[in-house]
Amino acid sequence: MVKIMFVCLGNICRSPMAEFIMRDLVTKKGEADSFYIRSSATGTWENGNPVHYGTKKILDRLNISCVGKYSELLRKSDYDKFDYFIGMDEYNRRDMLRIFGSDPQNKISLLLDYTKTPRAVKDPYYTGDFESTYQDVVNGTQGLYEHLKSKN
């Protein structure tokens, strides 16, 4: 089983969008049982809050439920529980390294590292542009899926 943790600052916009879109992708491929997919935050201020309405609106449009998802914190102990930690930007990478202390197994990467155009996924919390974030997340999750399949 491949265990993936998507990570962003507050775990209400980008990382839950990636979590649920990746879950939907592997489910449609008939491989849901081969993956364990979660998301978490590096910051505390949204802890316990539901998915942002902008992300929820996109997931609703795609008939992807995020019922029961609330922001939760990334913990140092998560490092031994997951195979991949996928951040949305360099701040997330820096914060993951701070939380974990190091990355001896090279588990940390950014979502768009798995595309032909590596860069940060823009934070729609600040831009309000959830559609651009959605396109980035789709491209990144598809690239990640293809990367994982090529390793088998």
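Tyr36 is partly exposed in this predicted model, with a relative accessible area of 34%. Its stacking partner Phe82 is buried, at 5%.

**Aromatic pairs**

- The structure holds seven aromatic pairs.
- Tyr36 and Phe82 form one of them: the ring centres are 5.7 Å apart and the planes meet at 25°, so the pair counts as stacked, the cut-off for stacking being under 30 degrees.
- Tyr36 belongs to strand β2, while Phe82 sits in the loop between α2 and β3, so the pair ties together parts that are 46 residues apart in sequence.
- The relative accessible area of 34% puts Tyr36 in the partly exposed class, because that class runs between 20% and 50%.
- Phe82, with 5%, is buried, because the limit for buried is under 20%.
- Ring pairs also join Tyr36 and Phe82 to Tyr79, Phe85 and Phe100 in a cluster.

**Helix α5**

- Helix α5 covers residues 130-150, which makes 21 residues.
- At 1.5 Å a residue the helix should span 30 Å, and its end C-alpha atoms are 30 Å apart, so the two values agree.
- The buried residues of α5 are Phe130, Thr133, Tyr134, Asp136, Val137, Val138, Gly140, Thr141, Gly143, Leu144, Tyr145 and Leu148.
- Among the elements that cover these buried residues are the strands β1 (2-8), β2 (35-41) and β3 (84-87).
- The helices α1 (14-28), α2 (53-61) and α4 (124-127) are also included in that cover.

**Largest pocket**

- The largest pocket holds about 170 Å³ of space.
- Its lining consists of Ile21, Asp24, Leu25, Lys28, Lys29, Leu62, Ile64, Tyr134, Val138, Thr141 and Gln142.
- The elements that give two or more residues to this lining are α1 and α5.
- Tyr134, Val138 and Thr141 line the pocket and are also among the buried residues of α5.
- By class, the lining of the largest pocket has six nonpolar, two polar and three charged residues.

**Second largest pocket**

- About 150 Å³ of space lies in the second largest pocket.
- Leu9, Arg14, Asp89, Tyr91, Asn92, Arg94, Asp95, Ala120, Val121, Lys122, Asp123 and Tyr126 line this pocket.
- Helix α3 (residues 90-100) gives the most to the lining, with four residues.
- The lining of the second largest pocket divides into five nonpolar, one polar and six charged residues.

Definitions and conventions
Residues are numbered from 1 along each chain as its sequence is written. This is a predicted model: local features need pLDDT of at least 70, side-chain atom pairs count only at pLDDT 80 or more; totals for chains, interfaces and linings use all residues. Side-chain values use heavy atoms; hydrogens and water are left out. The expected span of a helix is 1.5 Å times one less than its number of residues. Buried means under 20% relative accessible area, exposed over 50%, partly exposed in between (1.4 Å probe, protein chains only). Contact means heavy atoms within 4.5 Å. On a 1 Å grid over the protein atoms alone, a cavity is a set of points where a 1.4 Å probe fits but cannot get out, and a pocket is an open set with protein on both sides within 12 Å along at least five of seven lines; lining residues have an atom within 4 Å of a point. Grid points are joined across faces, edges and corners, and a volume is the space filled by probe spheres set on the points. Ala, Val, Leu, Ile, Met, Phe, Trp, Tyr, Cys and Pro count as nonpolar, Asp, Glu, Lys and Arg as charged, and the others, Gly among them, as polar. Rings of Phe, Tyr and Trp (its six-membered ring) pair if their centres lie within 6.5 Å; planes under 30 degrees apart count as stacked, over 60 as edge-to-face and the rest as tilted.
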